[in-house]
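I opened this model to look up its cross-link, one of its strands and its aromatic contacts. My notes follow in the order in which I checked them.

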Amino acid sequence: MKTVLSLSVSISVLAACSSWAEGEYGNDHALQQKGAILSPEDASQIASFDILAAHAHRTGNVVTFHMTTAGVAGADQPDPAGAVGGAPVWSYVWPTSLDPASIGFEGGTGILAMAATSHPDFDDTPLYDESGDGDPENDGLLWHSHWVVLTPTEACGPGALAVRDIPEGTSPRLPATWPGFPIFLDSPGFTPLFDGPEIKINAGFASDVNLAGINYDGVTSALRVNANIHAPLLCVTDVFDVASGDLSLPGVIN
């Protein structure tokens, strides 16, 4: 985990800001936003998953989650495993302090996070045809959005997180766009937008959800479907980067 930003890191971030301010990139990227969570560049990471900044802000009941990376966001995707069991999932994730009930899950069940994911071995957005080819079941590789509820799950490894399972025989509250997987996963259909080093998702909320003062963080990670397709179904297997360094959710949505 990263420690407090050093002077050299601050200088490198400011240099990047200066370069982008000269017109190479737009002015609305996370790195250039007041209150963004800044993160030092790490040359050992895949550049497209190396977070420089994470930010979230709202306009009415729409929250814009965005992230600036050291490389071209979304450029790298996982190689297929050839089956759902053992399938890799790569993701850009914004954990929040929102209760899962705010988007239709059973309340108090874990960390609600917005995520953009790519996984070539299966499609978990049955209501949407991301490629526009007339088949809504062949789009898993294309970047798409999810709400997930994350919980500590020792079966995935010491201190590891997983998407919360739905035990057989239970019927927790779930959003209308739940895709049918036995986990706390929602497929809301918000389109991830890419602009060079930037990924952005505009997420809509019901008008009665209080979004003021909600905390957030930014994470890039790899997950994997259990080889037996059994509980735990979807484990976080590798954390590429955490914007705050410690998943403390220091960002505040205003």
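This is a predicted model: local features need pLDDT of at least 70, side-chain atom pairs count only at pLDDT 80 or more; totals for chains, interfaces and linings use all residues.

**Entry 1: the disulfide**

I searched for such pairs and found one disulfide in the structure. It joins C156 to C235, with an S to S distance of 1.9 Å. I then read the torsion about the S-S bond of C156 and C235; it is about -70 degrees, so the disulfide is left-handed. The bond links distant parts of the chain: C156 sits in the loop between β6 (144-152) and β7 (161-163), C235 in strand β13 (residues 234-242), and the two are 79 residues apart. For C235 I found 11% relative accessibility; the cut-off for buried is under 20%, so C235 counts as buried.

**Entry 2: strand β6**

Next I went to β6. How many of its nine residues are buried? I count eight, so the strand is largely enclosed by the rest of the structure.

I then listed its pairings. Strand β5 (residues 111-118) runs antiparallel to β6, and seven bridges join them; in this pairing I111 has L150 of β6 as its bridge partner. With β7 the sense is antiparallel as well, over three bridges, and here L150 stands opposite V163. With strand β8 (residues 185-186), β6 pairs in the antiparallel sense over two bridges. In that pairing V148 stands opposite L185.

**Entry 3: aromatic rings**

I searched the whole structure for aromatic pairs and got twelve. Among them is F49 with W90: the ring centres are 5.6 Å apart and the planes are at 90 degrees, so I log the pair as edge-to-face. F49 lies in the loop between β1 (37-38) and β2 (51-59), and W90 in strand β4 (residues 88-95), so the pair ties together parts 41 residues apart in sequence. Both F49 and W90 are buried.

F49 also pairs with F240, with centres 5.1 Å apart and planes at 45 degrees, so this pair is tilted. F240 is in strand β13, so its pair with F49, from the loop between β1 and β2, ties together parts 191 residues apart in sequence. The relative accessible area is 0% for F49; F240, at 9%, is buried.

Which residues form one aromatic cluster with F49? I list W90, Y92, W143, F194 and F240.

**Entry 4: a charge over a ring**

Last, I checked R164. It lies over the face of F184, at 5.8 Å from the ring centre.

Key. Residues are numbered from 1 along each chain as its sequence is written. Side-chain values use heavy atoms; hydrogens and water are left out. A disulfide is a pair of cysteine sulfur atoms within 2.5 Å. Helices (H or I, at least four residues) and strands (E, at least two) are DSSP runs, numbered from the N terminus. Buried means under 20% relative accessible area, exposed over 50%, partly exposed in between (1.4 Å probe, protein chains only). Two strands pair if DSSP finds at least two bridges between them. Rings of Phe, Tyr and Trp (its six-membered ring) pair if their centres lie within 6.5 Å; planes under 30 degrees apart count as stacked, over 60 as edge-to-face and the rest as tilted. A charge sits over a ring if NZ of Lys or CZ of Arg is within 6 Å of the ring centre and within 35 degrees of the ring normal.
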